[in-house]
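Take a look at the chain below.

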Amino acid sequence: MATGGVTEMHPPPEDRLASATDAELVAALRDADRGALRELFVRHEPWLAARLSRRCADPAIVDEAVQDTFVAVWRKPAWRGEGEVAAWLWGIAIRSLLHHLKPRASVVERLSRLREPDATSAEEQVLARVEHSDVGAALHSLSPELRAVVQATVIDGLTTREAATLLGIPSGTVKSRMSRARSELREALL
């Protein structure tokens with residue numbers, strides 16, 4: 001558009017989206033902006049795939065979970081504006097992975113095999129530091145069953161029902177084990 005002999009230039013849509021915040025991209029999704037979905041995918045797919053790969057050794061399932069995450073975001077961009085968009089995406093992604101793993105037997109065994117001794121993520125580095133603290137010692141004093149429930153609900157942020165699905169136990173068992181774990185951790189840290 002010309003104003004007083006000067007031509008006003010607008011950045012191409014790709015540049016506009018590249019400089020948009022995640023919240024602005026989600027708002028654009030509500031207007032069916034495919035470019036906004038592409039930009040969210042470019043920003044978040046690499047770390048989502050990496051984190052999901054640490055929980056599932058099958059790359060095809062991880063790819064499906066990531067794809068399903070962005071399809072769900074496209075169909076219903078329901079972020080409420082609370083917290084980070086990345087955390088919202090992670091919640092969708094982990095639930096999608098659980099959905100893909102649900103019919104498979106021995107999920108815990110599959111999850112335990114996906115750790116590579118040479119590849120250390122930032123998450124694992126932080127957990128390693130915690131491991132050598134009083135909290136880490138208290139966690140290691142828990143039985144494997146209690147530790148698994150703490151990992152699923154506290155570290156991975158799953159709901160009781162999702163943790164139950166992941167661990168292959170009833171929701172009530174997750175709740176009772178979490179209660180016992182809290183009690184034992186409290187005693188160990190006093």
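Gly157 is partly exposed, because its relative accessible area is 45%, and buried would mean under 20% while exposed would mean over 50%. This is a predicted model, and every value here is computed from it. Gly157 sits in the loop between α9 and α10.

Two other residues fall in this class. Ala27 counts as partly exposed at 35% relative accessibility. Its place is in helix α2. His140 counts as partly exposed at 47%. His140 is found in helix α8.

The table gives the separation in sequence and the distance between C-alpha atoms.

| Pair | Apart in sequence | C-alpha to C-alpha |
|---|---|---|
| Gly157 and Ile94 | 63 residues | 9.3 Å |
| Ala27 and Gly81 | 54 residues | 9.6 Å |
| His140 and Leu185 | 45 residues | 9.8 Å |

## The whole chain

Now step back. The protein chain has 11 helices and 2 strands. The chain has 190 residues, and 33% of them count as buried.

Contacts can also be sorted by sequence separation. Take those between residues at least 6 apart in sequence: 60% of them join residues at least 24 apart.

## Helix α2 and its buried face

Helix α2 covers residues 22-29. Which of its residues are buried? They are Asp22, Leu25, Val26, Ala28 and Leu29. Seen down the axis of α2, these buried residues fall within an arc of 160°, so they line one face of the helix. An α-helix has 3.6 residues a turn, so residues three or four places apart point the same way.

Beyond its neighbours within four places in sequence, Asp22 is in contact with Leu40, Arg43, His44 and Val85.

## From α2 into α3

A loop joins α2 to α3, and Ala32 has its place there. Most residues other than glycine have a negative phi. Ala32 is not glycine, yet its phi is positive, near 60°.

Next comes Asp33. This residue caps the N-terminal end of α3. One of its side-chain oxygens lies 2.9 Å from the backbone nitrogen of Gly35.

Helix α3 runs over residues 34-53, which makes 20 residues. From first C-alpha to last, α3 reaches 26 Å, close to the expected 28 Å. Where does α3 have a kink? The kink lies at His44, shortly before the proline Pro46, and is about 45°. His44 is also among the buried residues of α3.

## Helix α4

Helix α4 has 17 residues. Its reach from first C-alpha to last is 24 Å, close to the expected 24 Å. At its start, a side-chain oxygen of Asp58 reaches to within 3.0 Å of the backbone nitrogen of Ala60.

The buried residues in α4 are Ile61, Val62, Ala65, Val66, Thr69, Phe70 and Val73. What covers them includes α2, α3 and α5.

## The nonpolar core

How many residues are in the largest nonpolar core? The count is 46. Leu40, Leu52, Val73, Trp88 and Leu97 touch the most other members. The helices α2, α3, α4, α5, α8, α9, α10 and α11 each supply at least two residues. The largest share, 10 residues, comes from α5.

Leaving out residues up to four places away in sequence, Trp88 touches Val26, Val73, Lys76, Pro77, Ala78 and Trp79. Among these, Val26 is a buried residue of α2, and Val73 is a buried residue of α4.

Terms used: Residues are numbered from 1 along each chain as its sequence is written. This is a predicted model: local features need pLDDT of at least 70, side-chain atom pairs count only at pLDDT 80 or more; totals for chains, interfaces and linings use all residues. Side-chain values use heavy atoms; hydrogens and water are left out. Buried means under 20% relative accessible area, exposed over 50%, partly exposed in between (1.4 Å probe, protein chains only). Helices (H or I, at least four residues) and strands (E, at least two) are DSSP runs, numbered from the N terminus. The arc is that of the directions from the helix axis to the C-beta atoms. The expected span of a helix is 1.5 Å times one less than its number of residues. The bend at a residue is the angle between axes fitted to the seven residues ending there and the seven starting there. A polar contact is a pair of N or O atoms within 3.5 Å; within protein, one must be able to donate a hydrogen and the other to accept it, and residues adjacent in sequence count only if both atoms are side-chain atoms. Contact means heavy atoms within 4.5 Å. A nonpolar core is a set of buried Ala, Val, Leu, Ile, Met, Phe, Trp, Tyr and Cys residues joined through side-chain atoms within 4.5 Å.
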